[in-house]
Structures are given as C-alpha cells and as structure tokens.
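Please look through the structure below with its sequence at hand, and then follow the paragraphs that come after it.

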Amino acid sequence: MPRTKEQSYQAIADSGVIAVIRAPSKDILIDIAQALLAGGVPGIEVTMSTPNAIAGIEMLAGKFGDKCVDGVGTVLDPNVARDAISAGAEFVVSPAFDEKIVENTRRLGKISIPGAFTPTEILRAWTAGADVVKVFPSTGLGPTYFKDLLAPLPQLKLTPTGGVDLKNAGEWIKAGAVFLGAGSALVSKEAMHKKDWATVQSNARAFVDAVKSARGK
C-alpha cells in the first residue's frame, strides 16, 4: 500500500527534520540516505541543483520504498514538481511562493512546502493551500520570528531553512516550528567529499535528539 500524504507528513514531523541535500552527484544519494535513515531522519529533500536530481529521486524511491520520505527542493516550475512527483517525490519545496506549484502539488496529492519571508507572503502561501510554509532565508530572523508570527496566526505550520544547526535546532522547535530544514549542518560538503557517512549518521541522530528534547520527549 502506498503511503498517504498524511502518513508522509507524520513521518517527517515525528523526526522533526528534513535533510536538504545539494549533492555533487546523484550517485552518492543512496549512501547519504542510508546514513540519514540509520540516524532517524527519513525526510530527504533532493534539491534540483543536484545533477540529474529527478533520476536520483526515482532511484531513492525504488531503493528504499516507504522507509524514506523523498522530496524535491529548489522547485521553480510546476512542471518540475509534476515530474519529480512522477519519479516518487512525496513533498515539493520551493525557495519562494508560486501559486501554480502549490496547486500542482496539491492536485497530485503531495505535500506542498513553498518558501516565503514576510508575514504577508507567508499568509498568502498558506491561504493558497500550502501544507507547511518554509520561512526562507531564516538565517537572520531567528526563532523569535516564529513566536511573533504564531501569536496572531496560530493556524500556520512553519519550517525554517537557512542557518539551522544543532545549536539552535531546539530553539526553533520551541518557537513553534513543525520540523526543521537542515542542510550543510547535517550533510556537509566535506562529508560528501570524504564519503564520511558515519558523521552524517551521527549528525542525523543529534538533530533528532535535539528535537525530542525540545518537545520534552
């Protein structure tokens, strides 16, 4: 039985982390995914900046089935969203809000995570049907921004991307993030270059533990 959209969302939310992968080659995606899964992170976002990203998503979906929640990132075109979903992507992430991408993703029954920055942009994306709004870049904003947004708009589901690391992971969760988008702090260029999958696994476990601790579990 294929996993439902709700089950996919819950698997990501339970771990509290999406790994944002900008790999130099799709050929190392299997190794990265194995390390992340071993560390407790099933949500894997393959960005379109990865060469042959859609083929990589298809490879992950074929290899891991329902162990992984595969997604596509840096999506700027609704047709790319469609192609990635056909390849096995269960969520679609964009750096900015494009109503057509959200519409396409929802029509195909997958999780829509558009990017937005200001309260106006965030609310527009949410009203258009986003399942979660990616606040990007969150680097200079800090977790207090989420607290400020969620006070008048508690219905929002927000995730930060940009500047998320182990030092502030717990603070983002405490501020109301439903999960985190972690890139180089989780899977660094150095680890990919050296094929240091043990460090990736260790990082994944540390992020999951930080989320659990922040949630009081």
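How many cavities of 30 Å³ or more does the structure hold? In this predicted model, the structure holds one such cavity, and about 50 Å³ of space lies in the largest cavity. Its lining is made up of Ile 18, Glu 45, Val 93, Ile 113, Lys 134, Thr 159, Thr 161, Phe 179, Leu 180 and Gly 181. Rolling a probe the size of a water molecule over the atoms shows where empty space is left. The largest pocket has a volume of about 250 Å³, and of the 15 residues that line this pocket, Val 20, Arg 22, Gly 183, Ser 184 and Ala 185 are the closest to its centre. Strand E9 (180–182) and helix H9 (189–194) each supply at least two residues of that lining.

Buried in H10 are Trp 197, Val 200, Asn 203, Ala 204, Phe 207, Val 208, Ala 210, Val 211 and Ala 214. An α-helix has 3.6 residues a turn, so residues three or four places apart point the same way. On the other side of H10, Ala 198 and Ser 213 are exposed. Among the elements that cover the buried residues of H10 are helix H1 (5–15), strand E1 (17–21), helix H2 (29–38) and helix H8 (169–174). Just after H10, Gly 216 takes a positive phi of about 75°.

The packing can also be followed through the nonpolar cores. The largest nonpolar core has 63 residues, and those with the most contacts inside it are Ile 21, Leu 36, Ile 122, Leu 158, Leu 180 and Leu 186. H10 contributes the largest share of this core, namely eight residues. Leaving aside residues up to four places away in sequence, Leu 36 touches Ala 19, Ile 21, Val 41, Ile 44, Leu 186, Val 187, Val 200 and Ala 204. A second, separate core of 13 residues includes Ile 12, Ile 18, Phe 91 and Val 132.

Ile 12 also belongs to the buried residues of H1, which are Ser 8, Tyr 9, Ile 12, Ala 13 and Ser 15. What covers these residues includes E1, H10 and the strands E2 (43–47), E3 (69–73), E4 (91–93) and E5 (111–113). After H1 comes Gly 16, whose phi is positive, near 85°.

Which features of the backbone remain to be pointed out? Most residues other than glycine have a negative phi, and most peptide bonds are trans. Asn 52, in the loop between E2 and helix H3 (53–64), has a positive phi of about 55° although it is not a glycine, and at 55% relative accessibility Asn 52 counts as exposed. Thr 74, found in the loop between E3 and helix H4 (78–87), likewise has a positive phi of about 55° although it is not a glycine, while its relative accessible area of 31% makes Thr 74 partly exposed. The peptide bond from Phe 136 to Pro 137 is cis, with omega near -10°, and Pro 137 has its place in the loop between strand E7 (133–135) and helix H7 (144–150).

How values were computed
Residues numbered from 1 in each chain as written. Predicted model: local features only at pLDDT ≥ 70, side-chain atom pairs only at ≥ 80, totals over all residues. Heavy atoms only, no water. Buried < 20%, exposed > 50% of the residue type's maximum accessible area, 1.4 Å probe, protein only. Helix = DSSP H or I, 4+ residues; strand = E, 2+ residues; numbered from the N terminus. Contact = heavy atoms within 4.5 Å. Core = buried A, V, L, I, M, F, W, Y, C linked by side-chain atoms within 4.5 Å. 1 Å grid on protein atoms, 1.4 Å probe; cavity = no way out; pocket = protein on both sides within 12 Å on 5 of 7 lines; lining within 4 Å. Points joined across faces, edges and corners; volume = space filled by probe spheres on them.
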